[in-house]
Amino acid sequence: MVKNLVIVESPAKAKTIEKFLGKDFLVKSSFGHIRDLDGKNLSVDIEKGFEPQYVIPNDKKKLVSELKKLAKEAETVWLASDEDREGEAISWHLLEALGLDEKKTKRIVFHEITKNAITKAVENPRKIDRNLVDAQQARRILDRLVGYELSPVLWKKVKPSLSAGRVQSVSVRLIVEREREIQNFTSQSAFKVVANFIVGGNVSLRAELPKRFSTKKEAEDFLNSCVAAEYIIEGLETKPTKKSPAPPFTTSTLQQEAGRKLGFSVLQTMTVAQKLYESGKITYMRTDSVNLSNEAIGAAKKEIISAYGEEYSQVRKFTTKSKGAQEAHEAIRPTYMDAHSISGDPSQVRLYELIWKRAVASQMSEAKLEKTTVNINITTNKEKFVAKGEVLIFDGFLKLYMESNDDENLEDDETILPPLKQGEKLQLNDIVASERFTLNPPRYTEASLVRKLEELGIGRPSTYAPTITTIVKRGYVVKEDRDGKERSYAVLTLKNKQVSAQTKTEIYGTEKKKMFPSDIGVIVTDFLVENFNKVMDYGFTAKVEEQFDEIAEGQKKWNKMIEEFYNPFHKSIENTMQHAERASGERVLGVDPVSKKEVIVRIGKFGAMVQIGKADDEEKPKFASLQPGQTIENITLNQALDLFKFPKTLGTHQGVEVVVAVGKFGPYIKLDKLFVSIPKNEDIGTVDLKRALELISEKQQADAPIDSYENLPVQKGVGKFGPFIKWNNMFINVNRKYNFDKLSSKDIAELIEDKKKKEVEKYIHNWEEEGISLQKARWGRFNLVKGKVKIELPKDVDAINFSLEDAKKVLAEKSAVKKTKKK
């Protein structure tokens, strides 16, 4: 008989906690929520005050039975899920679904998994906080109502299989509006003037003219006016200044900084942080607090003095400024400040070190600097050059950590200046007037989108990652790199009393990991803004978040809040269904000069397309899909007509036709059974036979066998997931242990044999005659596979005793759900 049963939500957390509790405690995992709203229907009884109808999913029934049995035998049940609203709801569902006796059930919370924290939690149990549960329940129900009622409207009025979400749709709106700002932006050019002086014979001093000239002539006139000038230091001003460290991480600032410094996506950051928390290395990672406990401040101080000295320590207490701050009560920090780094998974190591540095730096001294401004008089001109520089007097927290910045347009012209004195005459090396261009507003990265959502009060620490993941997964937003374009700019130079002019070129507008709205994202956003303006309003969405906070604080009843939202929302749904016109984003581009028929671009069943002619014409309309990078809003008539030129035969090679065409994944060249993608930044219209053969040759060389194994060729390549070799239609990842550029026959044999072994081991059951198999998957789960159908089964499935009948039943249920959704 178990004396104490502890239930947490994850097996990793269970494993860590078990180390700190004695033999009288049994720690079990619920693997997240054990109950939820049924996915097959609304599962909210609107007539009964929005009463949720929770069900235990099939894959959790066995686990629930096991936990019920253990709970019945235990003297005390300890519910130890996370301390935020989601964690509180998990504990409440356990209480309800397991039928626990409240008298022998205790709720414990902790924001770090250490022996001290666990012991303290056990000594100070509490009851489940129904206000927190209600706040989570209100969010879940409201989002279910919005999704279930809005999605059918989109199916009917825009395109089948679309879906909408309350916070997700508002997030897409931000990205759509930013894209339109960029498209409507007109860049203005002006001439920036920089002088380079020589000080003390060989040291360079860079100074800039504070004003910019709007025309080339104005810049040229200024340079000509400086031909005979002398340059004298008119003023030297030195001011002491300080820089203070940023506070320790909250969820959103961790997501932003990990994106900027480590290149992590928001989802990756939260996944890695979750593992660090569950293994006891950091405190709870979903928080909007910047506070540190007194113990943590003391531990940080000790580390700082030990590593850097007393002068580097400065105790600080940060206060949380965000509206409705909730979740955990402390910032994200290492559980043990004396652990400067950890070993193991590289992603965990990098994120841990970032968290450690930020937390410790927050308790370090300010950096002391000296900023100098130098005004340089031009004897032939009323303008003055200005040089700015700074000297670091005391590095303070900068010894350990410097916060990154999202501002791509920020120019830092401040450098360390050479020794200078008032009245000093300077020797001119040159003056350069370069044509510069105003920059459009930057597109969102994941990090800057999180910052914007937080700034607007939309979402909370637990919602940022799933929101961004969802809008990308649904195809409303594309996250990608895009090549820049080339442009010319003018440069005027005054050197040796002569003014010369040059035209140079530069690449501008290169985008890295930026978020672009898709055509369907734009059309859905426009439709929702037009017909559901209140739901799509930033202020209204933020107000809903505040109401969730009020529910969590016991100031508002959850079902009353839902009612206030739902009644007007439902009326809008009915009105839109009856009266709104169908939205396709249709745009008339002009007339086809050959057929004299109208050319339009719109959303079709399979995405954005160009159409020549109308459905009621005698001749059927012609259709062509847009290429990657083309959108309904930016495609021109000529670009649209070019799409109908393909597929086009360019000529023949060794008696076989060479064809250029546009497919689902973009433009390509076809030679017999060989398909070669045309590079992303290359215009398909410029590809002739010579260029096509070059690309074919490159592909053939890349695909040429590098070795053979068991009389079968071995090829190598680099794909989405890194370097690989291909053998017998099997793709094998090549890890860093091997030198990919110099793979030996021994390496290749080792990689293939390891893969063959894994392939055999991955099958738990293989019913070959039925074409069905049960295979091992990642994270201890299982995949049921039949042809192209792959169904992920939960960890608690009894894989060994899983029969063919069980497999057929799961496949049949999956097929039935698919048919229902199509209807």
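Modeller: Gladly, and please keep in mind throughout that this is a predicted model. Let us begin with serine 29, which is placed in strand β2, residues 25-29.

Biologist: Does serine 29 count as buried or exposed?

Modeller: The label rests on relative accessibility, with buried meaning under 20%; serine 29 has 8% relative accessibility and therefore counts as buried.

Biologist: Which backbone atoms does the side chain of serine 29 reach?

Modeller: One is the backbone nitrogen of serine 10, which the side chain of serine 29 reaches at 3.5 Å, and another is the backbone nitrogen of phenylalanine 31, which lies 3.0 Å from a polar atom of that side chain. If neighbours within four places in sequence are left aside, serine 29 is in contact with Val8, Glu9, Ser10, Pro11 and Leu63.

Biologist: Where is serine 81 placed?

Modeller: Serine 81 sits in the loop between β7 (76-79) and α3 (85-97), and because its relative accessibility is 3%, serine 81 counts as buried. A polar atom of its side chain lies 2.5 Å from the backbone oxygen of glycine 87. Not counting residues up to four places away in sequence, serine 81 touches a set of residues that includes Ile7, Glu9, Lys13, Gly87 and Arg107.

Biologist: How should I read the packing of two helices?

Modeller: In general, two packed helices are described by the angle between their axes and the distance between the axes. Here, helix α9 (residues 266-278) packs with helix α13 (residues 464-473) at an angle of about 140 degrees, and their axes are 8 Å apart. That angle makes α9 oblique to α13, and the crossing of the two helices is left-handed.

Biologist: Which residues of α9 and α13 meet?

Modeller: From α9 come Val266, Leu267 and Met270, which meet Tyr464, Ala465, Ile468 and Thr469 of α13. The residues of this contact divide into six nonpolar, one polar and no charged.

Biologist: How many helices and strands does the protein have, and what share of its residues counts as buried?

Modeller: The protein has 20 helices and 34 strands, and 47% of its 823 residues count as buried. Its C-alpha trace spans about 95 × 80 × 70 Å along the principal axes. As for contacts with a separation of 6 or more, residues 24 or more positions apart account for 67% of them.

Key
Residues numbered from 1 in each chain as written. Heavy atoms only, no water. Axes fitted to C-alpha atoms, helices over the stretch in contact; angles between N-to-C directions. Helix = DSSP H or I, 4+ residues; strand = E, 2+ residues; numbered from the N terminus. Parallel < 35°, antiparallel > 145°, perpendicular 65-115°, else oblique. Left-handed = near helix turned anticlockwise from the far one by under 90°. Contact = heavy atoms within 4.5 Å. Nonpolar A, V, L, I, M, F, W, Y, C, P; charged D, E, K, R; others polar. Buried < 20%, exposed > 50% of the residue type's maximum accessible area, 1.4 Å probe, protein only. Polar contact = N/O pair within 3.5 Å; in protein donor to acceptor, adjacent residues only side chain to side chain.
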